[in-house]
Amino acid sequence: ALMTNMKMMKLPINVIVLLSLGAVVLWPCTMGVTAMGGEQIEKIYEGTAPELRVTFRYPGRWPVQEERGTRQPYQAVRIMAPRNAEGTYTSHVSVRGFRIKSQGGQYESAEELVAQYKRHLLPDAQVIAEGSRKLGGLTATEILVSYTIPAIHHKDIKAAPVPIKERKVVLADPPYLYELSYVADSREYDRYADHFERLLESFQVQ
């Protein structure tokens, strides 16, 4: 799916900052199931945590992980796609909710969150596109970035550099900010891009 109202550009980023953002925990949510496209099934995520009272559709066969931030306060849900063909990376979509700074969070606006994200990109990162779109009746900032993850040795994961493409959509609905992301092996990005677009189109703040 094409990004809306995007200004194309390339911009090298030369700052390395890697953040550890939180541990995985569980909290109550509800999920419904709906048919889509014949045999293809989607579920409806309904968050109940204060920072993540949102609903959206996602692929029903993808595993769901929920997180709560520790170094910075946030609630998040991460939905895992199948692992890539080389066994080196698992594509995923995620939705995070933050309180704004005046309510105890780290960022006061969507623009501040996006600027922080850019500053912390890996040194080979390129901003492919950036612009705005409507999401759930709200104006959001959208950014598409490419970079390479160095080879990392983890159990059951082949150690090899992985080219990544990441699409991120950030919006504010005070007192909360929301960050929706799709991260994939760039060679398989198009395979799941439509799933993320459907998630965006169905996203609603409750």
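Which strands are included in what covers the buried residues of α1? Among them are β8 (90-99), β9 (126-135), β10 (138-149), β11 (162-173) and β12 (176-185). Helices (H or I, at least four residues) and strands (E, at least two) are DSSP runs, numbered from the N terminus, and contact means heavy atoms within 4.5 Å.

This is a predicted model, in which local features need pLDDT of at least 70, side-chain atom pairs count only at pLDDT 80 or more, and totals for chains, interfaces and linings use all residues. Residues are numbered from 1 along each chain as its sequence is written, and side-chain values use heavy atoms, without hydrogens and water.

Select helix α1, residues 110-119. Its buried residues (under 20% relative accessible area, 1.4 Å probe, protein chains only) are A110, L113, V114, Q116 and Y117. Viewed down the axis of α1, they fall within an arc of 160 degrees, so they line one face of the helix. That arc is taken from the directions from the helix axis to the C-beta atoms.

Next, turn to the rings. The whole structure holds nine aromatic pairs (Phe, Tyr or six-membered Trp rings with centres within 6.5 Å; stacked under 30 degrees between planes, edge-to-face over 60, the rest tilted). Select F98 and Y107: their ring centres are 6.1 Å apart and their planes at 80 degrees, so the pair is edge-to-face. F98 is buried at 2% relative accessibility, and Y107 is buried at 7%. Then pick Y176 and Y178, a tilted pair with 6.5 Å between centres and 50 degrees between planes.

Finish with Y45, F56 and Y58, which ring pairs link into a cluster.

Methods: Buried means under 20% relative accessible area, exposed over 50%, partly exposed in between (1.4 Å probe, protein chains only).
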